[in-house]
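Here are my notes on this one, as numbered points. Have a look at the model alongside them.

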Protein chains: 2
Amino acid sequence: MKNRLTVLKLGGSVITEKDKDLTPNLQAIGRLAEEISQSQVSPLAIVHGGGSFGHPLARTYGIAEGFRDQAQLVGFAKTHDAMVALNTLIVGSLLDQGVPAFGMAPSSFIVTKKGRIHVFEEEPLDRAIKTGLVPVLYGDAMLDIDRGFAILSGDQIAAQLAVRMDAGSLIMAADVDGLCESDPKTDSSARLIRHLTLRELQELKAKIGRTSVLDVTGGMMGKVSELTAPVAHGVRTIILNASKPGNVYKALKGEEVVGTRIEA
Amino acid sequence: MKNRLTVLKLGGSVITEKDKDLTPNLQAIGRLAEEISQSQVSPLAIVHGGGSFGHPLARTYGIAEGFRDQAQLVGFAKTHDAMVALNTLIVGSLLDQGVPAFGMAPSSFIVTKKGRIHVFEEEPLDRAIKTGLVPVLYGDAMLDIDRGFAILSGDQIAAQLAVRMDAGSLIMAADVDGLCESDPKTDSSARLIRHLTLRELQELKAKIGRTSVLDVTGGMMGKVSELTAPVAHGVRTIILNASKPGNVYKALKGEEVVGTRIEA
């Protein structure tokens with residue numbers, strides 16, 4: 001049987017210095033490239049977030065709020081350019097480790113509608129994976145059918161990729177251990193949820209929708225809402241802490257690792 | 001009436017140091033970015049060649065000969081990565097001049113068949129142009145339906161773009177004055193052809209096909225065969241020397257400039 005695709009999402013907060021604009025975490029990028037190379041997992045597709053590369057520029061120019069005037073054009077272009085710069089660093093580290101990392105630009109083949117993926121040209125990506133390349137995508141500034149501009153998160157890309165390419169597993173590499181019963185960043189006794197069913201995930205999503213608390217899951221709201229589609233599709237999904245060395249390697253190898261597993 | 005698109009192709013030999021691997025000609029890139037900015041032409045799409053960035057790597061790994069074995073994978077990825085690096089320099093220079101230059105990766109939305117464009121997802125590119133961005137594409141390492149891998153020239157992209165986007169004009173910026181009656185690099189008395197009809201272009205193409213001389217047009221064989229489609233489509237086409245300051249500016253403004261004009 002042919003191996004099914006593994007999709008690895010690298011959180012922006014892991015690969016960049018969150019509090020310093022346009023500053024990569026080169027140590028983490030190098031270590032993760034090594035873990036990915038050593039796992040020898042194939043076929044593999046990687047998606048990374050923007051962290052301090054994409055977000056500050058996108059905020060300055062109001063890209064997520066859509067196209068309003070010509071003055072945003074250079075800002076939109078700069079936001080994309082910053083993401084390409086981050087992508088180039090990650091691709092370069094992977095190439096140094098002998099991984100055939102192939103940078104692919106989401107804004108070149110995806111168009112969103114109200115911020116959701118609408119047009120998605122699969123052929124180059126699909127052929128790249130089948131040939132043995134490791135596509136490396138990223139959260140990006142997008143052309144949007146209704147709003148003109150939008151920001152497409154790496155989370156949405158990774159989740160949709162897993163569904164469209166019928167992936168066997170989806171690894172969400174964050175800077176926390178996984179989903180907790182409360183926010184681990186404000187509640188030190190917050191207990192990690194080790195296992196979640198699709199139904200429990202959907203309940204959590206509904207709860208987030210109802211609550212006035214901004215994000216009960218500790219910055220995980222976006223992930224929770226994106227992950228229902230791949231989990232419902234049967235993709236084995238795990239959220240784990242990529243800041244801890246060895247976790248991504250273990251998850252890629254299918255070994256036991258601390259995190260939140262979500263399964264249908 | 002809405003302005004029709006201008007497509008500007010920047011030759012790899014103009015923007016890189018031809019004889020030094022992976023070396024950009026930063027002086028030329030900066031000057032051309034200024035000329036483009038000052039012209040204020042809109043809508044505009046730019047395509048650039050690979051010069052000493054793309055060609056040496058592509059040759060080393062035999063990318064143009066197609067996919068043969070896994071050992072080529074990293075080479076394919078490195079060839080694309082080098083082109084992204086060159087693209088980033090050009091986009092950066094244009095952004096510095098206030099041009100909303102938006103890097104787009106051909107290998108992310110085009111698939112070739114025997115080296116010719118086959119799948120071409122137009123929607124992101126089309127929306128980018130209509131929004132007022134200046135897409136900057138490049139010759140690239142491609143996934144190919146029959147051969148696995150192929151090299152897609154900037155010339156082919158620029159010519160196809162002009163046809164698909166119904167461009168009003170196509171400017172081929174080379175490092176020679178245009179097409180000559182013999183090779184200006186070996187024959188100092190070679191006379192520049194200032195005007196060419198579509199019929200004459202087709203005759204020249206047939207002559208190139210028959211002759212045993214490698215390239216009677218002084219490295220222009222590729223251009224001549226790509227340009228018949230846009231010229232037949234009614235796109236005003238000119239080949240000019242971008243190494244001479246001011247030529248690209250004049251052509252973008254529609255002013256008189258030395259070169260080879262080709263018209264239906």
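1. How many cavities of 30 Å³ or more does the structure hold? There are three. A cavity here is a set of points, on a 1 Å grid over the protein atoms alone, where a 1.4 Å probe fits but cannot get out. Points are joined across faces, edges and corners, and the volume is the space filled by probe spheres set on them.

2. Before going on: this is a predicted model, where local features need pLDDT of at least 70, side-chain atom pairs count only at pLDDT 80 or more, and totals for chains, interfaces and linings use all residues. Residues are numbered from 1 along each chain as its sequence is written, chains are lettered from A in the order in which they are written, and side-chain values use heavy atoms, with hydrogens and water left out.

3. The largest cavity comes to about 200 Å³. Of its 19 lining residues (an atom within 4 Å of a point), A:Val84, A:Tyr138, B:Val84, B:Ala105 and B:Tyr138 are the closest to the centre. Helix α4 (72–96; helices are DSSP runs of H or I, at least four residues) supplies at least two lining residues from chain A and likewise from chain B. The top contributor is α4(B), with six.

4. On to the interface: 39 residues of chain A and 39 of chain B are in contact, meaning heavy atoms within 4.5 Å. Zero salt bridges are counted between the chains (Lys or Arg side-chain nitrogen within 4 Å of an Asp or Glu carboxyl oxygen).

Conventions. On a 1 Å grid over the protein atoms alone, a cavity is a set of points where a 1.4 Å probe fits but cannot get out, and a pocket is an open set with protein on both sides within 12 Å along at least five of seven lines; lining residues have an atom within 4 Å of a point.
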